[in-house]
Amino acid sequence: MWWGKWMLDLPMPVRSAGVRSAGKSLLSLALMDARNHSLRCLTAYEQWLAPLNFVVPALAELTPPLWLLGHIAWYQERWVPRNIQRQRGALADPATPRLASIEPDSDRWYDPANSPPDSRWLLDLPDVQYTRRYLADTMDITLELLELVGDSDDELYFFRMALLYEDIQGEALVSMAQTLGLPSGHGLLARRTRQPHHEPLKMLTQTWCLGAAPQADHTGFTFDNECGAHDVKVQAFEIDAQPVSWAQYADFVDDGGYEDPRWWCLAGWTWKKHLQRRAPRHVEKMRYGVVQRHFGRSIEVSMNNPVEHVSWFEAQAWCRWAGRRLPTEIEWELAACSGSSQGFAWGQTWEWTASTFEPYPDFVAGPDRMYSQAGFGTHKVLRGASLATRDRLRHPQFRGFQLPDRDDAFCGFRSCSL
């Protein structure tokens, strides 16, 4: 039995971003590790699933946990066992008919094209035990198929894609546990480490290559929105060595930042008024220390920790108040890749950037046509990683993206000088 192996001391490459280029042996372990994390999430939700199916806050970011867990299994099955073109890699035609699923209703339940967000709470989803079995059975088939393929990038493309997609959805499950106040969700976070304070970095004018070469021109897996290598001249700039802390953000709140429209864009001010926000989400007290709801418990937060659960609107408002600005995504990447010796620290919270999520030049959509394209032009770019992010996704060139009003994820920000 493969499940339960999360207790093993797995080789570091299994959990690192290097798994994008892993061969079959490491990839097999990584797939098991990801599925075990999904099963741990299922266990964390299990005692809450019945009431959550009936009493649900009216929040756009919530989806039925059983739907998301079943969707994880469905996605892997769709792109690996059911995909007759899986050996073509990124050149596979996504419109090619699929083989039948082991679950006859899986497409009706878990395909986002058939179950848009506002309909998922009304679906006749299978129960916990059935969902657990679907997660296990689809993984069994995937691992059997992995043993039969070669080690070429094309043959491993969809195995790697399904792995990283599961890691992304695994973080979504942890974020939703925080939104719902599930105490057991805390055990799904990595341990926070104390990071020393460093002065802002001064980056010189230079040319930076943004984006990766096309999938066919390099080894390993690359998300389609990361492809499109192109040189960009970056003017000199100053950037914070670490994300904005609770102490820094508390000064903005104490100064009436949430009551002064000067600091907010029009959409942000409208958002703030609609939600009646006077502090970041989950905050219960900010005077004389920060008390935050953390997976259903009230805890006192270290003022040196990065501020979290802020929207892009709040990050931008703080920057305007402080006489600063958000970094562009290329500034963030340049500093992350070349500024570690100067103290640039990242990885404890996702970080909003000033950049709107757009394709790089000569963008070519991958087989999963909607992964990136649904966010182009409307979402903002997030860089970095959070304590809920699996290590395989921790790469300075990974492009996260969310709508600017989202504050349910573990998101903060850092600033640049004007």
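**Exercise 1.** Which side chain does R324 meet in a salt bridge?

*Solution.* Let's start with the idea: side chains of opposite charge can pair when their charged atoms come close. In this predicted model, the partner of R324 is E238, with N to O at 2.9 Å.

**Exercise 2.** Work out whether R383 and E333 are buried or exposed, and say what their pairing ties together.

*Solution.* First, find the contact: a salt bridge joins the side chains of R383 and E333 (3.0 Å, N to O). R383 belongs to strand β10 (residues 380-385) and E333 to helix α10 (residues 329-338), so parts that are 50 residues apart in sequence are tied together. Now apply the cut-off, since buried means under 20% relative accessible area. R383 has 0%, so R383 is buried. E333 has 1%, so E333 is buried too.

**Exercise 3.** Classify R278 and E259, the two partners of another salt bridge, by their accessibility.

*Solution.* Begin with the distance: the closest N and O atoms of R278 and E259 are 3.8 Å apart. Then compare each value with the cut-off, exposed being over 50%. R278 reaches 52%, so R278 is exposed. E259 has 46%, so E259 counts as partly exposed.

**Exercise 4.** How many salt bridges does a search of the whole structure find?

*Solution.* The search finds 30. Some share partners: R15, D33, D167, R390 and R392 are joined into one network.

Note on methods
Residues numbered from 1 in each chain as written. Predicted model: local features only at pLDDT ≥ 70, side-chain atom pairs only at ≥ 80, totals over all residues. Heavy atoms only, no water. Salt bridge = Lys/Arg side-chain N within 4 Å of Asp/Glu carboxyl O. Buried < 20%, exposed > 50% of the residue type's maximum accessible area, 1.4 Å probe, protein only. Helix = DSSP H or I, 4+ residues; strand = E, 2+ residues; numbered from the N terminus.
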